[in-house]
Amino acid sequence: MPEKGVALITGASAGIGAAYAAILAARGYDLVLVARDHVRLEAASAALRGSTDVAVEVLPADLTRPADLRRVERRLLRDDISVLVNNAGIAVPGRLVDMPPDRLEAMLLLNVLASTRLARAVAPGFVARGRGDIINVGSVVGLNADRPGISAVYTASKAYLLALSEGLQNELGRAGVRVQAVLPGMTRTEIWEKANIDIDALAADRLMGAEVMVEAALRGLDLGERVTIPSLPDIADWLSFMAAREALRPNLSRSEAADRYGD
Ligand SMILES: NC(=O)c1ccc[n+]([C@@H]2O[C@H](COP(=O)([O-])OP(=O)(O)OC[C@H]3O[C@@H](n4cnc5c(N)ncnc54)[C@H](OP(=O)(O)O)[C@@H]3O)[C@@H](O)[C@H]2O)c1
């Protein structure tokens, strides 16, 4: 078995997932690459085999299809897996009232259900072995659900991943499992074109390269961060956000309604 074990990365054929594959290979992990497009996956794996000496498996799967999802779950049950990167995601543009229901469902099946089931599949082995990393690629939009302009359903799917990650860190952390939510800002990938947004129209100084984003995210994991926001310059801003949430906690559940709701 390889010393670092095997990292299974969903959405590994392009963008952020491809960057995770390249950087985890450089860190010595063998890889299982998951995405739908078999030809692209084979090309990505051939490039990695040519540039590194790690073993690379391809596992073509449409994670919105139950039979494919089960195949990926079965691969995660093997004890060589040491990292799961829940990265595959789509951003269906538009308002709820305009969104084709089947596209809405596909987005939630991929962004929410597949990520959760894959975590469910891998976690018992990680707990039994006392180690393992679950990396969930959310988004900064999950922190900004009140901001207009981005699909409410996409935003909610990313907020779910943040909440899931924080909860799983509580459930699994004591067993030695690390759970990290990665919240990228705008990152230069194909996701924009697929959402019919012209990437060149976005402010270049707000757009990060995928490799830069993933390098920072993995350094955040090395530092023991549960939540990593690669572009945030001052960690004190995140800590004060968390402190504000903590300050609400004692008053979030009480026997009496607040005075402002009285007669
Ligand atoms: N780019 C950004 O600005 C940005 C910002 C914040 C968060 N994110 C998040 O980062 C993650 C990766 O996004 P990206 O920008 O790298 O997107 P991307 O370039 O469009 O890549 C998406 C990857 O997911 C795979 N995929 C799509 N549908 C799939 C399905 N049904 N089953 C299995 N694999 C599927 C794609 O391959 P196939 O098409 O071959 O399946 C591809 O490998 C997403 O979760 C996204 O929400 C991105």
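E73 is buried, with a relative accessible area of 10%. Buried here means under 20% relative accessible area, exposed means over 50%, and partly exposed lies in between (1.4 Å probe, protein chains only). The model is predicted: local features need pLDDT of at least 70, side-chain atom pairs need pLDDT 80 or more, and totals for chains, interfaces and linings use all residues. Residues are numbered from 1 along each chain as its sequence is written, and side-chain values use heavy atoms, without hydrogens or water.

What does the side chain of E73 meet in a salt bridge? The partner is R117, at 2.6 Å from N to O. E73 sits in helix α3 (residues 66-76) and R117 in helix α4 (residues 101-129), so this pair ties together parts that are 44 residues apart in sequence. Helices are DSSP runs of H or I with at least four residues, strands are E runs with at least two, and both are numbered from the N terminus. R117 has a relative accessibility of 31% and counts as partly exposed, whereas E73 is buried.

## Other salt bridges

A salt bridge is a side-chain nitrogen of Lys or Arg within 4 Å of a carboxyl oxygen of Asp or Glu. By this rule, the count is 12. One of them joins E190 to R40, with the closest N and O atoms 2.5 Å apart. R40 belongs to helix α2 (residues 38-51) and E190 to the loop between β7 (187-188) and α6, so the two tie together parts that are 150 residues apart in sequence. E190 is partly exposed at 28% relative accessible area. R40 is also partly exposed, at 34%. A network of salt bridges links R40, E190 and K194.

Another bridge pairs R245 with E166, and their closest N and O atoms are 2.8 Å apart. R245 lies in helix α8 (residues 235-248) and E166 in helix α5, so the pair ties together parts that are 79 residues apart in sequence. R245 is partly exposed, with 34% relative accessibility. E166 is partly exposed at 22%.

## The ligand site

The ligand is surrounded by 32 residues. The closest are S13, R36, Y154, T189 and K194. The shell divides into 15 nonpolar, 11 polar and six charged residues. In this division Ala, Val, Leu, Ile, Met, Phe, Trp, Tyr, Cys and Pro are nonpolar, Asp, Glu, Lys and Arg are charged, and the others, Gly among them, are polar.

Which residue has a side-chain N or O atom 2.7 Å from an oxygen atom of the ligand? That residue is R36. A ligand oxygen also lies 2.8 Å from a polar backbone atom of T187. W192 places a side-chain N or O atom 3.2 Å from an oxygen atom of the ligand. The ligand has 880 Å² of accessible area on its own, and the protein covers 96% of it. These areas come from the Shrake-Rupley method with a 1.4 Å probe. α1 (15-26), α5 (152-172) and α6 (191-194) are the elements that give two or more residues to the shell. The largest share, three residues, comes from α6.

S151 lies in the loop between β5 (132-137) and α5. Is S151 buried or exposed? S151 counts as buried, at 7% relative accessibility. The S151 side chain reaches the backbone nitrogen of Y154 at 3.0 Å. Such a polar contact is a pair of N or O atoms within 3.5 Å; within protein, one must be able to donate a hydrogen and the other to accept it, and residues adjacent in sequence count only if both atoms are side-chain atoms. Y154 is also among the residues closest to the ligand.

Leaving out residues up to four places away in sequence, S151 touches V92, G94, M99 and M107. Contact means heavy atoms within 4.5 Å.

A25 has its place in helix α1. A25 is buried, with 5% relative accessible area. From A25 to V54 the C-alpha to C-alpha distance is 6.3 Å, although the two are 29 residues apart in sequence. With residues up to four places away in sequence not counted, A25 touches Y20, L31, L48, T52 and V54.

N196 sits in the loop between α6 and β8 (208-209). N196 counts as exposed, at 69% relative accessibility. The phi of N196 is near 60 degrees, a positive value in a residue other than glycine.

Terms used:
Near = heavy atom within 4 Å.
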